[in-house]
Amino acid sequence: MALQVGAHASIAGGVQNAVAEQHDVGGNCGQIFSHSPQVWQEPSIGETEARTFREQSETRGIGPWLIHSSYLVNLCTPKDDLRERSISSMQTELDAAARLCIDYVNVHLGAHTGAGVEQGLDNAASALDQLDVPETVTILIESDAGSGTKLGGEFEHLAAVRDRSQQDLKICLDTAHAFAAGYDLSTPEAVEETLAEFDEVVGFENLAAVHLNDSKHGCGTNKDEHAHLGEGQLGEPGLSAFVNHEAIRNRPLVLETPTEDGKGFEWNITRVHELFDEE
Ligand SMILES: [Zn+2]
Ligand SMILES: [Zn+2]
């Protein structure tokens, strides 16, 4: 299987523009927001835009795509109004994914804000159960850096929500988040151990996608700031072992690396190809 690697692409000017952008940076899979992730907003995607996105993705051989849900969504919240808004926002993202023939909607569990870990996990599972998930779409729970009362930092949280929900949930493992949450990925031995733990707790069969990012901060700091691949705390030895691990090799790798310092997604995607041992 050929390496599947791409980046988070912008939908500025229309969702169809993400395909050309992905192609330009050398990606063959990727991620978009369906609208601005910082405000409550519904995706507004016209029929022509949606068709062009689908056709261009097919023609250029780009996929799978992920929609990263709004940053405001909090599935763990004990507050009714925020919970309702989060559910309805997620529903619009799922519907947008179906229209765009996008396989995955990726979401963070959010923060329990004092309700406690177990209640927060219950809240997330029951919120997810209220969604009408289109047949062609799968929800991915993203591993979190675990700051404050945010859940999803521990692999056990991801497994618990999968178990407690009626939905067929899969997981997106973010390397920078997992590292910040305390799972070492900076050496080949650490990668082996961390992935073995993931397999034991969550199961590789439930891993659908990876956010491949390096981390500016150390292991266990709970600080979420991404770095260019090989230039952060994971570094080349860790990332190289990670992308070549047999459980990771055939998974879509989506980059959310910085775009400053003159190194954009193209530079980072090239790094992944260099780190990857083609068979
Ligand atoms: Zn995310
Ligand atoms: Zn991520």
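Predicted model: local features only at pLDDT ≥ 70, side-chain atom pairs only at ≥ 80, totals over all residues.

Q: Great. Which residues are the protein donors of the zinc ion (ligand 1)?

A: They are H68 through NE2, H108 through NE2 and E142 through OE, and they lie 2.1 to 2.2 Å from the zinc ion (ligand 1). Along the chain the spacing of these donors reads H-x39-H-x33-E.

Q: And where do H68 and H108 lie in the fold?

A: H68 belongs to strand β3 (residues 65-68), while H108 is in the loop between β4 (104-107) and β5 (110-111). The two are 40 residues apart, and the pair links distant parts of the chain.

Q: Is H68 buried or exposed? And what about H108, buried or exposed?

A: H68 is buried, because its relative accessibility is 3%. H108 counts as buried too, with a relative accessible area of 16%; the cut-off for buried is under 20%.

Q: OK, on to the other metal. What coordinates the zinc ion (ligand 2)?

A: Four residues do it: E142 (OE), D174 (OD), H211 (ND1) and E256 (OE), at 2.1 to 2.2 Å. In sequence, the donor residues of the zinc ion (ligand 2) follow E-x31-D-x36-H-x44-E.

Q: Why is the arrangement around the zinc ion (ligand 2) irregular?

A: Because the four donor atoms subtend angles of 87 to 176 degrees.

Q: I see E142 in both lists. How far apart are the zinc ion (ligand 1) and the zinc ion (ligand 2)?

A: They are 3.4 Å apart, and E142 coordinates both. E142 sits in strand β6 (residues 138-142) and D174 in strand β8 (residues 170-174), so this pair links distant parts of the chain, 32 residues apart. Both E142 and D174 are buried.

Q: Nice. Changing topic: how many aromatic pairs are there?

A: The count comes to five aromatic pairs. One of them is F155 with Y183, and it is stacked, because the ring centres are 3.7 Å apart and the planes are at 5 degrees.

Q: What does the pair of F155 and Y183 tie together?

A: F155 is in helix α5 (residues 155-164) and Y183 is in the loop between α6 (175-180) and α7 (188-201), so the pair ties together parts that are 28 residues apart in sequence. F155 and Y183 are buried.

Q: And what kind of pair do F155 and F198 form?

A: An edge-to-face one, with 5.2 Å from centre to centre and 85 degrees between the planes. F155 in helix α5 and F198 in helix α7 are 43 residues apart, so here again the pair links distant parts of the chain. F198 is buried, as is F155. Together with Y183 and F204, F155 and F198 form one aromatic cluster.

Q: What sits over the ring of W267?

A: The charged end of R271 does, 5.8 Å from the ring centre. K263 also lies over the face of W267, at 5.0 Å from the ring centre.

Q: Now the core. Which residues have the most contacts inside the largest nonpolar core?

A: L212 and F242, in a core of 72 residues. Helix α3 (residues 80-100) gives the largest share of this core, six residues.

Q: What does F242 touch?

A: Leaving out residues up to four places away in sequence, F242 touches L173, T175, L185, V191, L195, V210, L212 and I248.

Q: Last topic, the backbone. Which peptide bond is cis?

A: The one from G63 to P64, with omega near 0 degrees. P64 is in the loop between α2 (47-59) and β3.

Q: Where is C101, and where is D261 found?

A: C101 is in the loop between α3 and β4. It is exposed, with a relative accessible area of 57%. D261 is in the loop between β12 (253-255) and α9 (265-275), and at 55% relative accessibility D261 counts as exposed.

Note on methods
Residues numbered from 1 in each chain as written. Chains lettered and ligands numbered in written order. Heavy atoms only, no water. Donors = N, O, S within 2.8 Å, 3.2 Å for Na, K, Ca; no water. Helix = DSSP H or I, 4+ residues; strand = E, 2+ residues; numbered from the N terminus. Buried < 20%, exposed > 50% of the residue type's maximum accessible area, 1.4 Å probe, protein only. Tetrahedral: all angles 85-135°; square planar, octahedral: opposite > 155°, others 65-115°. Phe/Tyr/Trp six-rings, centres within 6.5 Å; stacked < 30°, edge-to-face > 60°. Lys NZ or Arg CZ within 6 Å of the ring centre and 35° of its normal. Core = buried A, V, L, I, M, F, W, Y, C linked by side-chain atoms within 4.5 Å. Contact = heavy atoms within 4.5 Å.
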